[in-house]
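Please keep the sequence at hand while reading.

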Amino acid sequence: MRLTPRPGRRLGTVIGSLLITLAASLVAITSTAAPAHADACYTWGRTLQQGATGADVTQLQIRVAGWATSRTIFTIDGSYGPATTTAVRNFQSAYGLSADGVAGPNTFSKLYALQDDDCTPIHFSWSEVDDVCFGGWPTPVSGTTIAQVKANLMQAMWRAEAIRHRLGDNPLRVTSAYRSKACNDRVGGASNSNHLYGRGMDLVPGSSATTMCGIARASRQSFPQVLGPGYPDHSDHIHLGIQSSVFHSASQCF
């Protein structure tokens, strides 16, 4: 004798099958779709590790340069070598990530959280680093351009962001960064000052939670040039410079 399922049971079976199919489809979509990230500044599209080259490596290097090995020259060259691996590893460790020296989704997510839409780090801005005397971007010295000046300042700001985090995320204040020649002459700066090219930045504490010497000590990992208390005319600020040689002098601090 053939048994015919009751209509209610048949309907329940069909609905159950449809729900199972829909759930499986959603799982498949979730597992295969790449995580989306809309970033107005820059978005990385691949995992980066030692041996990688390209513009995406350059963008990464700009942001992790402040985490390089102390007293070394970190080169922004678009080539992911041992120095970049170390800088990435130090960055990851500082922000509580798995410190493997490989830049993947977690590392990029932290960088996205640290940058504004104009690519500057969240705690520093262009208005803090433009010409200290006249404001804005007066014509730089012969042989360089405002675009080059801003590219150097971008590196300096990201290195300063590393110093800030190293100091417990206490605020820092920029007292001087880019200087046009007229401004540099007015303040008595050296004729070859890093400030003329956007490679120099002067920092002071932004609150009582940070000291001048604290900034000086924290800066040695981020900048090849560090001048502070104990160096002539640097008792009231920490001068930081990006250059091709290491020179740290702040005898009252280290």
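In this predicted model, C119 counts as buried because its relative accessibility is 18%, under the 20% cut-off. Its disulfide partner is C41, which is also buried, with a relative accessible area of 18%. The structure holds 3 disulfides.

**Disulfide C41–C119**

- The sulfur atoms of C41 and C119 are 2.0 Å apart.
- The torsion about the S-S bond of C41 and C119 is about 110°, so this disulfide is right-handed.
- The pair links distant parts of the chain, 78 residues apart. C41 sits in the loop between α1 (7-32) and α2 (55-64), and C119 sits in the loop between α4 (105-114) and α5 (126-129).

**Disulfide C133–C183**

- C133 and C183 form a disulfide with a distance of 2.0 Å between their sulfur atoms.
- The S-S torsion of C133 and C183 is about 70°, so the bond is right-handed.
- C183 is buried, at a relative accessible area of 0%, whereas C133 is partly exposed, at 22%. The value for C133 falls between the cut-offs of 20% for buried and 50% for exposed.

**Disulfide C213–C253**

- C213 and C253 form a disulfide, and their sulfur atoms are 2.0 Å apart.
- The torsion about the S-S bond of C213 and C253 is about -70°, so this disulfide is left-handed.
- C213 belongs to helix α8 (residues 212-219) and C253 to the segment after β5 (247-249). The pair thus links distant parts of the chain, 40 residues apart.
- Both C213 and C253 are buried.

**Pairing order**

- With the bonded cysteines of the chain numbered in sequence order, the pairing is 1-2, 3-4, 5-6.

**Helix α6**

- Helix α6 covers residues 146-166, which is 21 residues.
- Of the 21 residues of α6, 15 are buried, so the helix is largely enclosed by the rest of the structure.
- G168 follows α6 and has a positive phi, near 85°.

Methods. Residues numbered from 1 in each chain as written. Predicted model: local features only at pLDDT ≥ 70, side-chain atom pairs only at ≥ 80, totals over all residues. Heavy atoms only, no water. Helix = DSSP H or I, 4+ residues; strand = E, 2+ residues; numbered from the N terminus. Expected span 1.5 Å × (residues − 1). Buried < 20%, exposed > 50% of the residue type's maximum accessible area, 1.4 Å probe, protein only. Disulfide = S-S within 2.5 Å.
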